[in-house]
Amino acid sequence: MDAAPFHLEITTDAPAAFHAPSCSGSLDLRLGDCMEGMKTFPDGHFDLAIVDPPYGIGMGGGLDIAPVGNVIQKNGKSLAVKTVRYAKKQWDTTPPPPEYFAELRRVSRNQIVWGANHFIDRMQVASPCWIVWDKVNVGTDQSDCELAWTSLKTAVRKFDFMWSGMCQGSLANGRVMEGNKAKNEKRIHPTQKPVQLYKWLLANYAKPGHRVLDTHLGSGSIAIAAHYAGIHLTAYEIDADYFHAAKARIARETSQAELFSPQNNKLADTGL
Ligand SMILES: C[S@@+](CC[C@H](N)C(=O)[O-])C[C@H]1O[C@@H](n2cnc3c(N)ncnc32)[C@H](O)[C@@H]1O
């Protein structure tokens, strides 16, 4: 694991796609089972798959509102962090079966797979390029980092962005807490990943115009990032509550109601 600190500097040397809204991409969001969805694509259709499947650790919601620890704020004071209650669902009981990973490798030329440390037996080949997301979680009992296996041949990379209850990183520096809670990303899903993480992934591992697949959309964070990066995103979500909440969030946060034109809605709501 890379021990050197990495600071998110989105206002300096990040690629233009990182900042500039672009409408050259497209979002194709589908309510349905990704296993069925992937069958409809030819070999190598996607330039990249960025996926966050169930890890099989029971995180499908239903957590109590309870203190999980403390983080140290910019002013040096300690702040209690609480978990949030989400409707209890059963999707996080097991990781996807081996057939899912075979199909993922068939339809995409490269893959980034979050949580693969929980199901390493499914990955088949060693990777020189794991991605480490440091959640800057010091002081809580939540995991400090999340890990993604990749099929890429580059080095291990680390992204720092605080993500601990209401304590979230600031856009200028992911290690520093956003002081204004009103600017925090709204959380609508029990395992939501930050939009900033997906922006970083797309800026570093995809190019505008690329076709990207997410088999497990969840809250839709990747779609918001993809919109601003000019990516053609295809994504699946099997749970109707999550899917409709994600669609509403994406429309709100991209101010692009036209993304859900009658044609797109038809595609999305009728599933496959
Ligand atoms: C780990 S969460 C994804 C979280 C997402 N990365 C985010 O930032 O919000 C996994 C999601 O996959 C969905 N899911 C589970 N099995 C699925 C399947 N076979 N096809 C599509 N979605 C599925 C679950 O309902 C859940 O919302």
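Analyst: Let us begin with Gln124, which is found in the loop between strand E5 (111-114) and strand E6 (131-134). Helices (H or I, at least four residues) and strands (E, at least two) are DSSP runs, numbered from the N terminus. This is a predicted model, in which local features need pLDDT of at least 70 and side-chain atom pairs count only at pLDDT 80 or more, while totals for chains, interfaces and linings use all residues. Residues are numbered from 1 along each chain as its sequence is written.

User: Why is Gln124 called exposed?

Analyst: A residue is buried if 20 or more other C-beta atoms lie within 10 Å of its own, exposed if 12 or fewer, and partly exposed in between, with C-beta atoms placed from the backbone. Gln124 has 10 other C-beta atoms within 10 Å, and therefore counts as exposed. Its phi is near 70 degrees, a positive value in a residue other than glycine.

User: What makes Val136 buried?

Analyst: Val136 has 20 other C-beta atoms within 10 Å, so it is classed as buried. Val136 lies in the loop between E6 and E7, and its phi, near 45 degrees, is again positive in a residue other than glycine.

User: Which class does Thr154 fall into, buried or exposed?

Analyst: Thr154 is exposed, because it has 11 C-beta neighbours inside 10 Å. Thr154 is found in the loop between strand E7 (145-150) and strand E8 (157-160). The C-alpha atoms of Thr154 and Cys129 are separated by 5.4 Å, although the two are 25 residues apart along the chain.

User: How do you know that Asp214 is buried, and what does Asp214 touch?

Analyst: Asp214 has 27 C-beta neighbours inside 10 Å and therefore counts as buried. Asp214 belongs to strand E11 (residues 211-214). Contact requires that the C-beta atoms of two residues, placed from the backbone, lie within 7 Å. Not counting residues up to four places away in sequence, Asp214 touches Ile50, Val51, Ile222, Leu233 and Ala235.

User: Why is helix H5 described as largely enclosed?

Analyst: Nine of the nine residues of H5 (residues 221-229) are buried, so the rest of the structure largely encloses this helix. Among the buried residues are Ser221, His227 and Tyr228. Just after H5, Gly230 takes a positive phi of about 70 degrees.

User: How is the packing of H5 with H6 described?

Analyst: Two packed helices are described by the angle between their axes and the distance between the axes. Axes are lines fitted to C-alpha atoms, for helices over the stretch in contact, and angles run from 0 to 180 degrees between N-to-C directions. H5 and helix H6 (residues 240-254) pack at about 35 degrees, with their axes 9 Å apart. Ala223, Ile224 and His227 of H5 make the contact with Ile250, Glu253 and Thr254 of H6.

User: What makes a set of residues a nonpolar core, and how many residues has the largest nonpolar core?

Analyst: A nonpolar core is a set of buried Ala, Val, Leu, Ile, Met, Phe, Trp, Tyr and Cys residues joined through C-beta atoms within 7 Å. The largest nonpolar core has 57 residues, and those with the most contacts inside it are Leu202, Val212, Ala223, Ala225 and Ala226. Helix H4 (residues 195-205) gives the most to this core, with eight residues. Leaving aside neighbours within four places in sequence, Ala225 is in contact with Val195, Tyr198, Lys199 and Leu202.
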